[in-house]
Amino acid sequence: MNKTDKAAAIESLKERFANNEYFYIADASTLSVEQVNKLRGICFSKGVSMQVVKNTLARKALEQLPEENNYAPLFDALKGPTAIMFSEVGNAPAKAIKEFREEKGERPILKAAYIATSIYSGDDQLDALAKLKSRDEVLADILTLLQSPMQNLLSGLKGQGSKLAGALKTLEEREQA
C-alpha cells in the first residue's frame, strides 16, 4: 500500500467514524472464509457494515477527529487483527456477534464499542450492549408512558360521561311522568 492509498484509506475511515455514532471494534481472526461470510450475512441482515482495517490507519483516522468525541480510549483496542462494525443502531453489532456465536463459537471477540461518546471495553460488555435499547425503542417507551395518563383520563371521562347521561335521562323521565 503506497502513501496515496494510505491517505485515501485514512480519509475514508475518518469519514465513516465521523458519520457513525455507533461502532464496535472486534477481533474476527481465526475465522474461516466461510465463517466470515456467514458473519457478514448476519451483520447485513441487522444493518451492520463490517470492515477489516489496519490498526495504524484506523488510529490515524480517529486522531484526526475532534477530541471531544472521546476516541482516545479506543486506541488500546487497536492491537492485533481488527474488524470494525459500523451501525446506525447501538445494539445491532452486539446482537449480530451474539447470534453468530450461538452457532460458531467464541469469535468474534469484542475489543471495544463506541456508543455516542461512551466507550465499552472488553468482551464481557457484550451482553450489556445487546440489551441496550435502540433510539426507536426508547422513543416508543416514552410515547407509551405519555399516552398512558391520557388514555386513563379519556377512559374515566367516557365512563363518567355515560353515568352522567344515564342520570340525566332518568331525571328527564321522572319529569315527564
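Is phenylalanine 23 buried or exposed? At 0% relative accessibility, phenylalanine 23 counts as buried, where buried means under 20% relative accessible area, exposed over 50% and partly exposed in between, with a 1.4 Å probe and protein chains only. The close-ups below come from a predicted model, in which local features need pLDDT of at least 70, side-chain atom pairs count only at pLDDT 80 or more, and totals for chains, interfaces and linings use all residues. Residues are numbered from 1 along each chain as its sequence is written, and side-chain values use heavy atoms, with hydrogens and water left out.

**View A. Phe17, Phe23, Tyr71, Phe86 and Tyr114 form one aromatic cluster.** The structure holds six aromatic pairs. Rings of Phe, Tyr and Trp (its six-membered ring) pair if their centres lie within 6.5 Å; planes under 30 degrees apart count as stacked, over 60 as edge-to-face and the rest as tilted. For phenylalanine 17 and phenylalanine 23, the ring centres are 4.8 Å apart and the planes stand at 55°, so this pair is tilted. Phenylalanine 17 has 0% relative accessibility and counts as buried. Phenylalanine 17 also forms a tilted pair with phenylalanine 86, at 5.5 Å centre to centre and 55° between the planes. Phenylalanine 17 sits in helix 1 (residues 3–19) and phenylalanine 86 in strand 3, so their pair ties together parts that are 69 residues apart in sequence. Helices (H or I, at least four residues) and strands (E, at least two) are DSSP runs, numbered from the N terminus.

View B. Strand 1 and strand 3 run antiparallel and are joined by five bridges. In strand 3, serine 87 stands opposite tyrosine 22.

View C. Axes are lines fitted to C-alpha atoms, for helices over the stretch in contact, and angles run from 0 to 180 degrees between N-to-C directions. Contact means heavy atoms within 4.5 Å.

**View D. The axes of helix 1 and helix 3 come within 8 Å and cross at roughly 55°.** Helix 1 and helix 3 are therefore oblique to each other; angles under 35 degrees count as roughly parallel, over 145 as roughly antiparallel, 65 to 115 as roughly perpendicular and the rest as oblique. Residues of helix 1, including Ile10, Leu13 and Phe17, meet residues of helix 3, including Leu57, Ala61 and Leu62.

**View E. Arginine 107 and proline 108 are joined by a cis peptide bond, with omega about 0°.** Proline 108 is found in the loop between helix 4 (92–104) and strand 4 (109–115). Most residues other than glycine have a negative phi, and most peptide bonds are trans.

**View F. Threonine 30 has a positive phi of about 70° although it is not a glycine.** Threonine 30 belongs to the loop between strand 1 (22–27) and helix 2 (33–45), and is exposed at 65% relative accessibility. Asparagine 70, also not a glycine, has a positive phi of about 65°. Asparagine 70 is partly exposed, with a relative accessible area of 31%.

Terms used
Pairing = 2+ DSSP bridges.
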